[in-house]
Amino acid sequence: MSIEIEIFFAFLSGCSEPVENTDFVVIKNKSFEVDSKAQSLHIEFDVSNDWHIETESSSTDWFRITPQEGKAMNYNALVVEIVENKGYDDRILKIIINSGDSEDYAEIIQSCKETLSAEKECYDVSAEAQELTIELRTNVDFNIYTDVDWIKFRRPSETRALET
């Protein structure tokens, strides 16, 4: 009889239900597209346990996030302070919130400053017909106008990316 009871208990212990992971991270708004100006964003989220953040970006000098970690509460929020983007490229920040065995992320894309600048401001030309190349650095669409008929314009490419 005792052998049957041991086998029965061994059978019962082998049939236990697998433990389900109850950890979770839920970010309310996961995608932000912002302009080039300095600004602050609030990212609200729910977590099941204590949490901490990680970031992914090509540079860390353009943002500051507070707090970096915290306890599970009814209301959790990060404040992301972003400095002005004076560069010619968009910047991307991925913020990963980890809580227990779960994680979720939000992404911020800060657009670049709209720029149109000429390499030179003044060009000396002779009275003879000639072709003049004016180098512009731009990441915006633009049009060129003149009120004289002796100047003709030719645009080398039709791209929106920053080019010279």
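This is a predicted model: local features need pLDDT of at least 70, side-chain atom pairs count only at pLDDT 80 or more; totals for chains, interfaces and linings use all residues.
Student: How many salt bridges does the structure hold?

Tutor: Side chains of opposite charge can pair when their charged atoms come close. The structure holds five salt bridges. One of them joins the side chains of R64 and E81, at 3.0 Å from N to O. This pair links distant parts of the chain, with R64 in strand 5 (residues 63–66) and E81 in strand 7, 17 residues apart.

Student: Which parts of the chain does the salt bridge between D50 and K71 tie together?

Tutor: The side chains of D50 and K71 meet at 3.5 Å, N to O. D50 lies in the loop between strand 3 (39–47) and strand 4 (51–56), and K71 in the loop between strand 6 (69–70) and strand 7, so the pair ties together parts that are 21 residues apart in sequence. D50 is partly exposed, with a relative accessible area of 43%, whereas K71 is exposed, at 55%.

Student: What is the distance in the salt bridge between K37 and D35?

Tutor: The side chains of K37 and D35 meet at 4.0 Å, N to O. K37 counts as exposed at 54% relative accessibility, and D35 as partly exposed at 36%.

Student: Which residues gather in a patch of negative charge on the surface?

Tutor: The patch comprises E33, D89, D90 and E107. Of these, D90 is found in the loop between strand 7 (76–82) and strand 8 (91–99). D90 is partly exposed, because its relative accessible area is 46%.

Conventions. Residues are numbered from 1 along each chain as its sequence is written. Side-chain values use heavy atoms; hydrogens and water are left out. Patches are made of residues with over 30% relative accessible area and no salt bridge: like charges are joined within 9 Å, nonpolar side chains (Val, Leu, Ile, Met, Phe, Trp, Tyr) within 5 Å. Accessible areas come from the Shrake-Rupley method with a 1.4 Å probe; for residues, only the protein chains shown count as cover. Lys and Arg count as positive and Asp and Glu as negative; His and the chain ends are not counted. The place of a charge is taken as NZ of Lys, CZ of Arg, CG of Asp or CD of Glu. Helices (H or I, at least four residues) and strands (E, at least two) are DSSP runs, numbered from the N terminus. Buried means under 20% relative accessible area, exposed over 50%, partly exposed in between (1.4 Å probe, protein chains only).
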